[in-house]
Amino acid sequence: MRICLVTADFFPNVGGVAAHVVELGKAFVKNGHLVDVFTLPLGNERQPVSQLFGMTVHRPAIPKAKPFFNWWMHWALKKHLNKYPVDVVHVHGLRPLEATRGLDVPVLFTNHTSGFLRRIEGSRFERWRMARRMTHLDAVLAPSEELAQATIDIGYEGPVRFIANGVDPDRFHPGTATMRAQWGIKPDEVVLLLARRLVEKNGVCVFAEAMNRLKGETVRVVFAGDGAERPAVENILRQGGMLDRCIFLSNVPNAEMPKVYQSCDISVLPSFYEATSITGLESMASGLPLVGTRVGGIPAIVIDHETGMLVEPKQPEQLADAIKTLMQQPVLRAAMGERARQRVLEFFSWSRIAQQTAAMYEHAERRAA
């Protein structure tokens, strides 16, 4: 198939949507498909046309303000598709959604973000408005059952399917803990990893409160990510006497993350909202047990007390207790990490996710014929 992926968030950005589109496109190429990506000039990547992992990436110079963004992106897509017809357009994220109207080709949409959930909680009008934005779509994909159900609840009448995020288990795998010496971590210390943007919806302040309950334990905490909540997180840790046990790496390029995971012992997802977390899947592929909240797509990847532990959101006591259980039982921790990797290999490789997604493309083509 010839596939066109449309996204406002792509390489070199760091984050879930950007990583999803890059890895999905790579998997499509490996599976024998032709892939075009339409995105924006981002960071140092500003060439109008370039190649990335076998994908042809188009970055038209488009104003970011709406409605100009919609008009210019639609025009760029229309011009390209007239010259290079594709089998399907797959738009990722809400921002470019309206630019894909009227393209005379099946259009699918992956509803990635928890922002969608917050938006439709607001009012009946907002739910109606969101449903109208989706009337041209041939199908909606969602990386959590919660997002899939929310899409149905607002009144979208087309096919909706939960398809998880994925991970490349060849890149993310158990290995030697090469970073621990560089971080100044002693052999007997248990290393917790919070690989998240430091924003409210990721539960980072609750995590900091939980860490204060581990004072006196042989624990170190690595934060791989940055964001608006970092000052609040640092303040909570300082008040609890745990700030000196923490290492802040800020935003880490994805290429460097495998050695970060390999140098940690437990990964934590204290989210208030979440899809099938890419960070969580990368942790599992690296052989780490997960401690996560029972929200969104986290229970779809974590089997409680088998591949990790689940707790209720916004409960620092529960979070601290679950982490302490794994800290104090290294044999249990290792067994959960092994089972976590096996679960990834069976259900969550990007190759498998790409096959499931391509099957939805074929279904959309048949419906449109």
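A residue counts as buried under 20% relative accessible area, as exposed over 50%, and as partly exposed in between, with a 1.4 Å probe and protein chains only. The model shown is predicted: local features need pLDDT of at least 70 and side-chain atom pairs count only at pLDDT 80 or more, whereas totals for chains, interfaces and linings use all residues. Residues are numbered from 1 along each chain as its sequence is written, and side-chain values use heavy atoms, with hydrogens and water left out.

**View 1. The open parallel sheet.** Six strands, in the order β11-β10-β9-β12-β13-β14, form an open sheet with parallel pairing. Strands β11 (246-250) and β14 (308-311) are its edges, each pairing on one side only. Averaged over the sheet and with direction ignored, neighbouring strands are turned by 20 degrees against each other. Strands (E, at least two residues) and helices (H or I, at least four) are DSSP runs numbered from the N terminus, and two strands pair if DSSP finds at least two bridges between them. Strand β13 (residues 290-293) runs parallel to β14 and is joined to it by 4 bridges; Gly 292 has Leu 310 of β14 as its bridge partner.

**View 2. Helices packed on the sheet.** Helix α8 (residues 230-239) packs on the sheet, where it touches β10 (219-224) and β11. The direction of α8 makes about 170 degrees with that of β11. Helix α12 (residues 316-327) lies across β9 (190-194), β10, β12 (266-269), β13 and β14, and runs at about 165 degrees to β14. Axes are lines fitted to C-alpha atoms, for helices over the stretch in contact, and angles run from 0 to 180 degrees between N-to-C directions. Contact means heavy atoms within 4.5 Å.

**View 3. Strand β9 and its two faces.** Because 5 of the 5 residues of β9 are buried, this strand is largely enclosed by the rest of the structure. In a regular strand the side chains alternate between the two faces of the sheet. Val 190, Leu 192 and Leu 194 lie on one side of β9, Val 191 and Leu 193 lie on the other, and all are buried, so that both faces are covered. Strands β9 and β10 run parallel and are joined by 5 bridges, with Val 191 standing opposite Arg 220 of β10.

View 4. His 74 belongs to helix α2 (residues 68-83) and is partly exposed, its relative accessible area being 25%. Beyond its neighbours within four places in sequence, His 74 is in contact with Ala 99, Arg 101, Gly 102 and Leu 103. A polar atom of the His 74 side chain lies 3.0 Å from the backbone oxygen of Ala 99. Gly 203 is 129 residues from His 74 along the chain, and the C-alpha atoms of these two residues are separated by 37 Å.

**View 5. The salt bridge between Lys 78 and Asp 104.** Asp 104 forms a salt bridge with Lys 78, with 3.5 Å between the closest N and O atoms. The pair links distant parts of the chain, 26 residues apart: Asp 104 in the loop between β5 (88-92) and β6 (107-110), and Lys 78 in helix α2. Asp 104 is exposed at 75% relative accessible area, while Lys 78 is partly exposed at 26%. A salt bridge is a side-chain nitrogen of Lys or Arg within 4 Å of a carboxyl oxygen of Asp or Glu; by this rule the count comes to 16.

**View 6. The salt bridge between Arg 294 and Asp 304.** The side chains of Arg 294 and Asp 304 meet at 3.3 Å, N to O. Elsewhere, salt bridges that share partners join Glu 23, Lys 26 and Arg 171 into one network.

**View 7. The crossing of helices α1 and α14.** The axes of α1 and helix α14 (residues 350-368) come within 9 Å and cross at roughly 80 degrees. This makes α1 roughly perpendicular to α14, a term for angles of 65 to 115 degrees, whereas angles under 35 count as roughly parallel, over 145 as roughly antiparallel and the rest as oblique. Helix α1 makes the contact through His 20, Glu 23, Leu 24, Ala 27 and Phe 28, and α14 through Trp 350, Ser 351, Ala 354, Thr 357, Ala 358 and Tyr 361.

Key
Polar contact = N/O pair within 3.5 Å; in protein donor to acceptor, adjacent residues only side chain to side chain.
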